[in-house]
Amino acid sequence: PVSAAPWGQAGIACIPWMFCTMLGTSGVTDSARYAILNANYMKARLAPHFAIVATNVNDRCSHEFIMDFSDIRRKSGIVEEDIAKRLQDYGFHAPTMSWPVPHSLMVEPTESEDKSELDRFCDAMISIREEIRKVESGTWPADDNPLKNAPHTQSEVCATTWTHPYTREEAAFPAPWLLKRGKFWPTTARVDNSLGDRKLKLRLES
């Protein structure tokens, strides 16, 4: 449907053709196997920390799995958007949010990620779960914590004034690899999604 649209990009049809032609039958089959293996490995690591839904009778998933944060939302007030935004502070673009299950993230590692990268994402999610526990226990306020304020920009972290109950290091460098491999700084802090949906043309105020 996309490539057949009046103003669509016909070149998009070349991508699956090249993918299948270059990999061949065995390569495509192996890609599917690796994608399923990667997803189930990550699911097994994260299952003790998050509710995993939509698995089969053997407690396995296909090439993707879904973490449901409904219980976390009820207990702590932390919602799926807070977790998705916090992942930016760890150097990750968030997975699919709230689809097909509300209040969830759907993780699809694909066949191209190696084990160290899969572990890095899992470590980030486990660390975020520990941060949520600090909100649940009252260590951090429900309305002023690294998740509700994520993502943290460089200008905010380097500013003279810092009024949050957590440290700048906890805000911007929550994992050890961020110091070793380099930090990706989000260019903007939390965006009001509803406002953005209503205003298609935005401008920066000087």
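## About the model

This is a predicted model, in which local features need pLDDT of at least 70 and side-chain atom pairs count only at pLDDT 80 or more, while totals for chains, interfaces and linings use all residues. Residues are numbered from 1 along each chain as its sequence is written, and side-chain values use heavy atoms, with hydrogens and water left out.

## Overall fold

The protein chain has eight helices and four strands. Both kinds of element are DSSP runs numbered from the N terminus (helices are H or I with at least four residues, strands are E with at least two). In sequence order, the pattern reads α-β-β-α-α-β-β-α-α-α-α-α.

The C-alpha trace spans about 60 × 45 × 35 Å along its principal axes. Of the 206 residues in the protein chain, 34% are buried; buried means under 20% relative accessible area, exposed means over 50%, and partly exposed is in between, using a 1.4 Å probe and protein chains only. Among contacts (heavy atoms within 4.5 Å) with a separation of 6 or more, 62% are between residues 24 or more positions apart.

## Helix α3 and its cover

Let's start with α3, which covers residues 80-89. Eight of its ten residues are buried, so α3 is largely enclosed by the rest of the structure. Those buried residues are Glu-80, Asp-82, Ile-83, Ala-84, Lys-85, Arg-86, Leu-87 and Asp-89. Their cover includes α2 (70-76), β3, β4 (104-107), α4, α6 (168-172) and α7. After α3 comes Gly-91, with a positive phi near 95°.

Helix α4 (residues 115-137) packs against α3 at an angle of about 125°, and the two axes are 11 Å apart. Here axes are lines fitted to C-alpha atoms, for helices over the stretch in contact, and angles run from 0 to 180 degrees between N-to-C directions. The two helices are therefore oblique to each other: angles under 35 degrees count as roughly parallel, over 145 as roughly antiparallel, 65 to 115 as roughly perpendicular and the rest as oblique. Their crossing is right-handed, a label used if the near helix is turned clockwise from the far one, with left-handed meaning anticlockwise by less than a right angle. On the α3 side, Ile-83, Arg-86 and Leu-87 meet Phe-121, Ala-124, Met-125, Ile-128, Glu-131 and Ile-132 of α4. By class, this contact has seven nonpolar, no polar and two charged residues; Ala, Val, Leu, Ile, Met, Phe, Trp, Tyr, Cys and Pro count as nonpolar, Asp, Glu, Lys and Arg as charged, and the others, Gly among them, as polar.

Helix α1 (residues 14-46) also meets α4: their axes come within 10 Å and cross at roughly 30°. That makes α1 roughly parallel to α4, and the crossing is right-handed. Asn-38, Tyr-41, Met-42, Arg-45 and Leu-46 of α1 touch a set of α4 residues including Lys-115, Leu-118, Phe-121 and Met-125. The classes here are eight nonpolar, one polar and four charged residues.

## Aromatic pairs

There are six aromatic pairs. Rings of Phe, Tyr and Trp (its six-membered ring) pair if their centres lie within 6.5 Å, and planes under 30 degrees apart count as stacked, over 60 as edge-to-face and the rest as tilted. The rings of Tyr-90 and Trp-177 have centres 6.4 Å apart and planes at 50°, so this pair is tilted. The pair links distant parts of the chain, 87 residues apart: Tyr-90 is in the loop between α3 and β3 (96-97), and Trp-177 is in helix α7 (residues 177-181).

Elsewhere, ring pairs join Trp-140, Trp-162 and Tyr-166 into a cluster.

Ser-70 sits in helix α2 and counts as buried at 17% relative accessibility. Setting aside neighbours within four places in sequence, Ser-70 contacts Pro-102 and His-103. That His-103 lies in the loop between β3 and β4, has a positive phi of about 60° although it is not a glycine, and is partly exposed at 26% relative accessibility.

The loop between β3 and β4 also holds Pro-100, and the peptide bond from Trp-99 to Pro-100 is cis, with omega near 0°. Another cis peptide bond joins Ala-150 and Pro-151, with omega about 0°; Pro-151 lies in the loop between α4 and α5 (154-157). Finally, Thr-110 in the loop between β4 and α4 has a positive phi of about 65° although it is not a glycine.
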